[in-house]
Amino acid sequence: MKKMSILLVSALLFITSCAPNINNDEEISQEDESEQETSIIPSNQLTDETYRMILPYETSEARGVITNQIANRVDIDEMEEGLMRHSKQVYDPEDHYFQEGQYITEDMALQWIDGLNPDVEDDADEDTHRENPRYLSHILEQNYLVQGEEDSVHLAGISIGLALKSVYQFEAEGAEHTQDIPMDEMMAQGEEMAQSILEEMRQIEGLEDIPIMFAIYQEEDQGSPVPGNFVAKTNVSGGDTSIGGWDSIDEETVLFPSGEGQENYFDDHEIITSFGNEIAEFFPNYTGIIGEGFYINEELQQLTIEIPLEFNAKAEVIGFTQYTYGLVQDMFADYFDLEINITSSNQMESLIYREAGAESPTVHIYD
């Protein structure tokens with residue numbers, strides 16, 4: 001593992017007072033019909049917006065299904081992290097604990113996916129595939145628990161994410177084909193599928209009266225460098241067996257520089273492009289930057305930039321990082337989270353990170 005040193009830019013802060021106190025971890029018992037297990041709740045929480053997780057960590061009953069069902073790695077990460085992000089509006093991280101899904105098994109997930117998608121033979125012709133696209137890729141379950149009496153925890157709510165395709169890729173008559181799936185068509189299918197899944201989940205012992213949040217995730221194309229996004233969500237109260245209305249979600253991840261970024265977020269595109277031009281002027285081996293902006297309601301929430309360069313000495317890394325730090329201070333507003341990764345040959349060299357509202361970034365140089 002690489003050692004990490006902190007480049008002192010403005011001041012050196014000692015944070016020993018924030019170090020975890022392992023003696024304050026709390027032992028609890030987790031309710032289970034078959035047996036009672038002793039678990040541990042870590043005493044420390046990274047931030048007020050971060051869920052604590054019960055230890056020992058229990059993996060999902062459907063672990064591994066997502067990697068076989070969703071082709072794009074960036075979609076997998078965003079679906080998992082995004083579902084947790086939206087769950088915070090329903091299950092407060094202050095008093096809820098996160099656990100991977102424990103109720104939908106691998107067999108159940110695969111059976112539901114196959115049953116909810118159109119039944120099309122593998123050797124069907126192109127027209128049949130186009131008339132009956134496979135909309136649903138994956139069903140993701142997350143569990144949220146609360147502490148009860150006598151140091152026990154119990155299930156308080158479930159979040160279910162449904163991953164649906166924006167582009168259907170299929171093989172027919174010896175050739176590969178693609179078909180775009182319109183948003184309204186995808187949403188109609190997703191809403192029907194969510195209702196069917198709710199009815200199935202109410203038949204599972206222990207879930208009859210548990211609140212469930214459903215969220216629909218629209219995947220990007222398999223080759224996309226940026227992930228898709230959640231487009232709608234709804235909450236179902238404990239005991240209810242039908243879904244009411246859905247709330248729209250307006251969020252997206254945008255690649256910079258790109259035609260889409262220039263057209264939809266011109267000001268951000270110009271600043272990022274100018275940032276790259278400033279670097280190119282002083283570092284001849286610069287080849288370009290790759291930026292990703294995450295937007296909610298068309299407002300930039302987080303900007304991540306990767307700067308790939310080749311360095312001949314550690315002094316170059318330090319000098320380049322110092323120069324980039326100055327550009328960050330001069331060029332980027334402070335209302336969004338900013339992360340700049342400086343890399344060489346797929347290796348991290350340094351990191352510049354600034355939380356929204358912070359006066360100055362934090363800088364790390366990797367040894």
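Glu 298 is found in the loop between β14 (290-296) and β15 (299-308); helices (H or I, at least four residues) and strands (E, at least two) are DSSP runs, numbered from the N terminus. Colleagues, I begin with this residue because Glu 298 is exposed, with a relative accessible area of 56%. On that scale, buried means under 20%, exposed over 50%, and partly exposed in between, with a 1.4 Å probe and protein chains only. Phi of Glu 298 is near 65°, a positive value in a residue other than glycine.

Before I continue, two remarks on the source. This is a predicted model, in which local features need pLDDT of at least 70 and side-chain atom pairs count only at pLDDT 80 or more, while totals for chains, interfaces and linings use all residues. Residues are numbered from 1 along each chain as its sequence is written, and side-chain values use heavy atoms, with hydrogens and water left out.

Let me stay with backbone geometry. Most residues other than glycine have a negative phi, and most peptide bonds are trans. Glu 173, not a glycine, has a positive phi of about 55°. Glu 173 sits in the loop between β8 and β9 (175-180) and is exposed, at 61% relative accessible area. As for peptide bonds, a cis bond joins Leu 55 and Pro 56, with omega about 0°, and Pro 56 lies in the loop between β4 and α1 (65-69). A cis bond also joins Phe 256 and Pro 257, with omega about -15°; Pro 257 is placed in the loop between β13 (251-256) and α6 (259-264).

I turn to the protein as a whole. The secondary structure comes to eight helices and 18 strands. Of the 367 residues, 44% are buried. With contact meaning heavy atoms within 4.5 Å, residues 24 or more positions apart account for 62% of the contacts with a separation of 6 or more.

Next, the interior. In soluble globular proteins, nonpolar side chains tend to be buried together. A nonpolar core here is a set of buried Ala, Val, Leu, Ile, Met, Phe, Trp, Tyr and Cys residues joined through side-chain atoms within 4.5 Å. The largest such core has 36 residues, and among those that touch the most other members are Ile 139, Ile 160 and Phe 214. Several elements each supply at least two residues of this core, including α3 (106-116), β6 (136-147) and β7 (152-164). Helix α5 gives the most, with seven residues. Apart from this core lies another, of 28 residues, among them Tyr 295, Leu 300, Phe 332 and Ile 352.

Ser 87 is in helix α2 (residues 73-87) and is buried, with a relative accessible area of 0%. Which side chain does the side chain of Ser 87 meet in a polar contact? The partner is the side chain of Ser 159, at 2.7 Å; a polar contact is a pair of N or O atoms within 3.5 Å, where, within protein, one must be able to donate a hydrogen and the other to accept it, and residues adjacent in sequence count only if both atoms are side-chain atoms.

Val 226 is buried, with a relative accessible area of 7%. Val 226 and Asn 72 are 154 residues apart in sequence and 9.2 Å apart in space, C-alpha to C-alpha. Beyond neighbours within four places in sequence, the contacts of Val 226 include Val 74, Thr 253 and Glu 292.
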